[in-house]
Amino acid sequence: MKNRNLRSYSLGADAWRRLLRNRAAVSGLVLLILMVLACVAGPWFSAYTFEEMDLFSANEAPSAKHWFGTDELGRDLMTRTLVGGRISFAVALAATLVSLLIGVTYGGVSGYVGGRLDTLMMRIVDVLYALPFTLLVILLITVFERNLMLLFIAIGAVEWLTMARIVRGQVMGLRHQEFIEACQVLGYSQARILFRHLLPNVLGTVIIYVTLTIPSVMLLEAFLSFLGLGVQPPMSSWGSLIEDGRGAMEDFPWLMIFPGLALFVTLLALNFLGDGLRDALDPRRGGES
Amino acid sequence: MSTEKSTKPVLQVKNLSVSFHTEDRSVQAVDNVSFEVNPGEVLGLVGESGSGKTVTGMSILRLVPSPPGRYDGGQILFDGMDILKLRPEELRTIRGSRISAIFQEPMTALSPLKTIGDQLKELLDLHRPEMNEKAKVAMVIEWLTKVGIPDAETRMHAFPFQYSGGMRQRVTIAMALMLEPELVIADEPTTALDVTLQAQVFELMMEMKSDKTSIIFITHDMGVVWELCNRVLVMKKAQLVEEGETESLFSAPRDAYTQKLLHAVPRLDDVPARSLPDFEAPILSARNLQTWFPVKKGIFARTVDHIKALDGVSFDLHPGETLGVVGESGSGKSTLGRTLIGLEKSTGGSFTYEGQSLQNLKHRDWRMVRRDMGMIFQDPYSSLNSRMKILTLLTEAPIVHGLLNKPDPDFAATCLEEVGLDADMMHRYPHEFSGGQRQRICIARILALKPKLIICDEAVSALDVTIQAQVLDLLLELRERHNLAYLFISHDLSVVKRICDNVLVMQQGKVVEQGSPTQVIDSPQHAYTQSLIQAVPSPGDLQRRRC
């Protein structure tokens, strides 16, 4: 039985309590926090810097001195991996924010209002989709100076498109459901219906999609760096480290294994957290609150 | 009626127990249930939702999903075999061929991507491999014709979406009966259909079934049981509470629950709840109201035709009056309610609320009108936002309209108490409530705005009879207390007769008959009204027994 004298909690507080009871989600969250902390603070305590070359100890296997080994210029791979994590996390965060703020709102408005506005908004998305991404990036580089901000702009420009489409589809499916019509009949404003009633009900899909996007964004950053838009040597990121490591995979496998492992652990943690969040935000799952 | 008692039963269910287990709770769905089905008989299995009648029916085909379901014990004996112990390949030879099923939802019971003919033929491919192709096709055509699909030879190549709901249910009946099974399990096969269609489907089922086919008819409708069944089993809370021949059970029910169930059935010969009071000036009036939906074609979406969902409807609704709107699905009765509250745009005529025209009202002005007008929808499961607590749901509308400045628990408590719910329930989410409780919450949410008029669109149709009676009583009580006007849209004439002061009968967007419920239902003038009334099952009427 339920405690009848329970204090009233909002959905947010309820969701938080449900999340904390989900062991997988909590371990995902803890792991993720540890990863972020390590990437942000780890390099400060390292005996090496990410750009310090030591040609005498190039391509060394992992040892007590260099835990992750060294690359072909003798740089400490652990420091480079941690520093690279900063970029990768920043990119993931930017992409998530853009697709949540722009993508969800854009798709929600388009799907809910419908009619001509929907047609117009979706044609804009189509046009942006159709722009060759590589061309856009090269254009950005030629017009502007090389700048890390450009990386975020380029990723931001494309990352919200798919989210907008997904949310639009979901919203169109929900907008004729009786609970939405009931809201209209109760005299709620359109904005209230969209943001308080419709969008919370598409969160499950949104979260799944975000967890799916993050790895592809991290790899996209490597591609952009390769084109010259992202981080430039000697800076590192997980994507570029994996890309470099791939070339030397046969002779010095640790160059790929450790950055790859960092990415793998992060994604695993994200997936656990994402699943837990989806369940926690839906009162129908996971029994009584 | 002549079931041969001497022959041995087709099916014996002995001490069947089924339970469902999820992480945090277990539910006993069927508790030690035993019964037999005799050859050729129609056995009714009745009970409210949640009583375990569907799970019992599904168990016979071993269709209970497991997990979370679990067979705890008992036997289901069919032709000397225990169905619960069969291997999957043995089970497959029985399913569809010797025991078949008809489900509730005709819209989703057929695969959308295959033609009707292919779906029927597939059954023959699986269970009658010895037949040649020509014979199979001939048999499909024969059965489609038998169940009343016109021009079966051409129509067998059509897809389910090209069939109407009634036609689809005919196809599922053909599928269930084609292989002449010994047992058919019909789980609420007509609940989703209109009364007139329901009557046709019953006739068809009784006609099509061969003498050796037995049917287990699962339903919550006692009227249906009366018309079709030889014997009845009554289930309550997972247990069998009463069993008997239909006529004796109806005339002398032993168990208190059966009595309650029978008593709650609305009947056409019920007297209206009150005589017609004198009314003041109308609160809502419609004159020649039209709502046409354009049919668009081609890449430029030119309007080529209109669907006249509402085609010239006029009426007056007075404060405190209950106006019933009846008709088949597609008659425009729902469109009427939706147009009056602005969910659909009217295309002609006029309608006024307290003298103010509602034609071409702006969104902002609609919001003001909707403070006074509420609407209750059919499906209590989808009309509440599942992510909000009851407290938030109840206080949101008053906050929007400035009657309240914060989610006030005391306010929510008053709302809940008014509809007969416990004030403690405000901290729960909608999924923790039953259908009837949710419908009460919907009513409470509307009452929070102190409306003058409520549009009820099939508001009690999705509820069990006993719950239906309680919700109707609540509506009547609130009507007296707050002098509410109701526009009561329903396909159920017995319910309409009980609570309405005036009735509109609609057909194809037009009002064909209008008057007090005693006039319209006891002496219908229009042929359409007569056919509607004839289709209503009425328990106790010996002429209506089809078995």
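1. Start with a lysine in chain B. B:Lys121 touches B:Glu133, B:Lys136, B:Val137 and B:Val140, leaving aside residues up to four places away in sequence. The model is predicted, so read every value here as computed from that prediction. B:Lys121 belongs to helix α3 of chain B, which covers residues 116-127. Is this lysine buried or exposed? Its relative accessibility is 15%, so B:Lys121 counts as buried. The cut-off for buried is under 20%.

2. Now look at chain A as a whole. Chain A has 11 helices and zero strands. Read from the N terminus, its elements run α-α-α-α-α-α-α-α-α-α-α. The C-alpha trace of chain A spans about 75 × 55 × 30 Å along its principal axes. Of the 289 residues in chain A, 47% are buried. Take the contacts in chain A between residues at least 6 apart in sequence: 72% of them join residues at least 24 apart.

3. Helix α3 (residues 77-113) of chain A packs against helix α10 (residues 238-247) of chain A at an angle of about 130 degrees. Their axes are 7 Å apart. How are α3(A) and α10(A) placed relative to each other? They are oblique.

4. The residues of the contact of α3(A) with α10(A) split into four nonpolar, five polar and one charged.

5. Next, the cysteines. A disulfide is a covalent bond between the sulfur atoms of two cysteines. The structure holds zero disulfides over all chains. Take B:Cys415, which is in no disulfide: the nearest cysteine sulfur belongs to B:Cys442 and is 13 Å away. A disulfide would need the two sulfur atoms within 2.5 Å. B:Cys415 counts as buried, at 9% relative accessibility.

6. B:Cys500 is also in no disulfide. How far away is the nearest cysteine sulfur, that of B:Cys456? The distance is 9.1 Å. B:Cys500 has a relative accessible area of 2%, so this cysteine is buried.

7. Turn to the aromatic rings. A search of the whole structure finds seven aromatic pairs over all chains. One of them joins B:Phe159 and B:Phe161. Their ring centres are 6.4 Å apart and their planes lie at 15 degrees, so the pair is stacked. The cut-off for stacked is an angle under 30 degrees. B:Phe159 is partly exposed, with a relative accessible area of 29%. B:Phe161 is exposed, at 61%.

8. Last, check the backbone. Most residues other than glycine have a negative phi. B:Asn288 has a positive phi, near 55 degrees, and is not a glycine. Where does B:Asn288 sit? Its place is in strand β11 (residues 284-297) of chain B. At 44% relative accessibility, B:Asn288 counts as partly exposed.

9. B:Glu354 is another case to inspect. Its phi is positive, about 45 degrees, although this residue is not a glycine. B:Glu354 lies in the loop between β14 (348-353) and β15 (356-357) of chain B. With 47% relative accessibility, B:Glu354 counts as partly exposed.

How values were computed
Residues are numbered from 1 along each chain as its sequence is written. Chains are lettered from A and ligands numbered from 1 in the order in which they are written. This is a predicted model: local features need pLDDT of at least 70, side-chain atom pairs count only at pLDDT 80 or more; totals for chains, interfaces and linings use all residues. Side-chain values use heavy atoms; hydrogens and water are left out. Axes are lines fitted to C-alpha atoms, for helices over the stretch in contact, and angles run from 0 to 180 degrees between N-to-C directions. Helices (H or I, at least four residues) and strands (E, at least two) are DSSP runs, numbered from the N terminus. Angles under 35 degrees count as roughly parallel, over 145 as roughly antiparallel, 65 to 115 as roughly perpendicular and the rest as oblique. Ala, Val, Leu, Ile, Met, Phe, Trp, Tyr, Cys and Pro count as nonpolar, Asp, Glu, Lys and Arg as charged, and the others, Gly among them, as polar. Buried means under 20% relative accessible area, exposed over 50%, partly exposed in between (1.4 Å probe, protein chains only). Rings of Phe, Tyr and Trp (its six-membered ring) pair if their centres lie within 6.5 Å; planes under 30 degrees apart count as stacked, over 60 as edge-to-face and the rest as tilted. Contact means heavy atoms within 4.5 Å.
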